[in-house]
Amino acid sequence: MNHSALGYRVFGEPESVLHVESISPAPLPAGQIRVKMLFSPVNASDLIPMTGAYRHRTPLPAVAGYEGVGVVTEGPPHWLGKRVLPLRGQGTWQNSVDCPMALAVPVPDDIESTLAARGYINPLAAQMMLNLYPPKGKRIVLTAAGSDCAALLGQWAIKAGADAVYGIHRSPAHAERLRAMGIIPVLQQDTATISAIAAQAERVYDATGGRLADGILDAMPETGIFVCYGLLSGTPFRQQPQVRWFHIRNYLDALSSDQWQAEFCEIWPKLLASRYGDVTLFPLAEWRAALAYYRQAGRLAKPMFAMHDSRAPVLW
């Protein structure tokens, strides 16, 4: 039976190049499982490749989406009916995904499906960055603090013993949420305060780049470390000795399958103990509405595709 997939055949703005296709599934390759998708979120990392930013490693045509959760429908008997994250294979913005068994991540029973669907990109990036650049005893600054990744970075840095965590955010709507996480909110427009906290910053985790990054780097100590893991502003910044670049893809190939699975064994209990944003569900056919919602300033929930009946229970 054919299934629906949201993909693109040329590079460009997502709203212009995305389209829903009907795909006829091929026979299941050896060593893989077939997963009926339940939920898949919309992240910046899903949208940026569509623009051609990484065209050297984005073969076309492509199905969009890097993470999500589903239920195994084909494969060895001991896999059938299990909820998994079908990762690092096919795009996840489709009804059915084939995934190598070694890379499929089992989901514990106490993890709701909408939380599990967000268990890869942001949690793994946050965990790896904090392991590479430990926050214990450090004064931390986060940019794009309203994002899911920054929220996890802040909460997990506090639990790891950070001295203080400041979160720079654009919309006042995020301030209360950040305070509830133990993160000190700072409006991006408050340049005087940003300069003051940057002057004492020992670790900066930056997802914006541009003028904000330049301003922080100009003020922060030479002994500080500025970890750049995104460029949401679309604008580069001056390279200085404090800068360290983090791209999650650069670390994945070095992980054995056991190490890969061990990362998630560490992530699941931390996610359960963390404050994480709400979700707003959209049918796959309403992808334009999902993208419009994603781009709303001050958005407090994550848009997520419900691949089948959006009224289905989220705890499988």
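Reader: Is Asp 214 buried or exposed?

Author: This is a predicted model, in which local features need pLDDT of at least 70, side-chain atom pairs count only at pLDDT 80 or more, and totals for chains, interfaces and linings use all residues. Residues are numbered from 1 along each chain as its sequence is written, and side-chain values use heavy atoms, with hydrogens and water left out. Buried means under 20% relative accessible area, exposed over 50%, and partly exposed in between, with a 1.4 Å probe and protein chains only. Because Asp 214 has a relative accessibility of 14%, the residue counts as buried.

Reader: With which residue does the side chain of Asp 214 meet in a salt bridge?

Author: A salt bridge is a side-chain nitrogen of Lys or Arg within 4 Å of a carboxyl oxygen of Asp or Glu. The N to O distance here is 3.8 Å, and the partner of Asp 214 is Arg 238.

Reader: Where do Asp 214 and Arg 238 lie in the chain, and how many residues apart are they?

Author: Helices (H or I, at least four residues) and strands (E, at least two) are DSSP runs, numbered from the N terminus. Asp 214 belongs to helix H8 (residues 210–219), while Arg 238 lies in the loop between strand E13 (225–228) and strand E14 (243–245). The pair thus links distant parts of the chain, and the separation is 24 residues.

Reader: Which residue forms a salt bridge with Arg 34, and which network includes Arg 34?

Author: Arg 34 is buried, since its relative accessible area is 8%. Its closest N and O atoms to the partner, Glu 74, are 3.4 Å apart. Glu 74 is partly exposed because its relative accessibility is 34%. The network of salt bridges links Arg 34, Glu 74 and Asp 98.

Reader: How many salt bridges does a search of the whole structure find?

Author: One of them joins the side chains of Arg 139 and Asp 163, at 3.3 Å from N to O. Arg 139 is partly exposed, because its relative accessible area is 21%. The search of the whole structure finds ten.

Reader: In E11, which residue is the bridge partner of Ile 168?

Author: Two strands pair if DSSP finds at least two bridges between them. Strand E10 (residues 164–169) and strand E11 (residues 184–187) pair in the parallel sense, over four bridges. In E11, the bridge partner of Ile 168 is Val 186.
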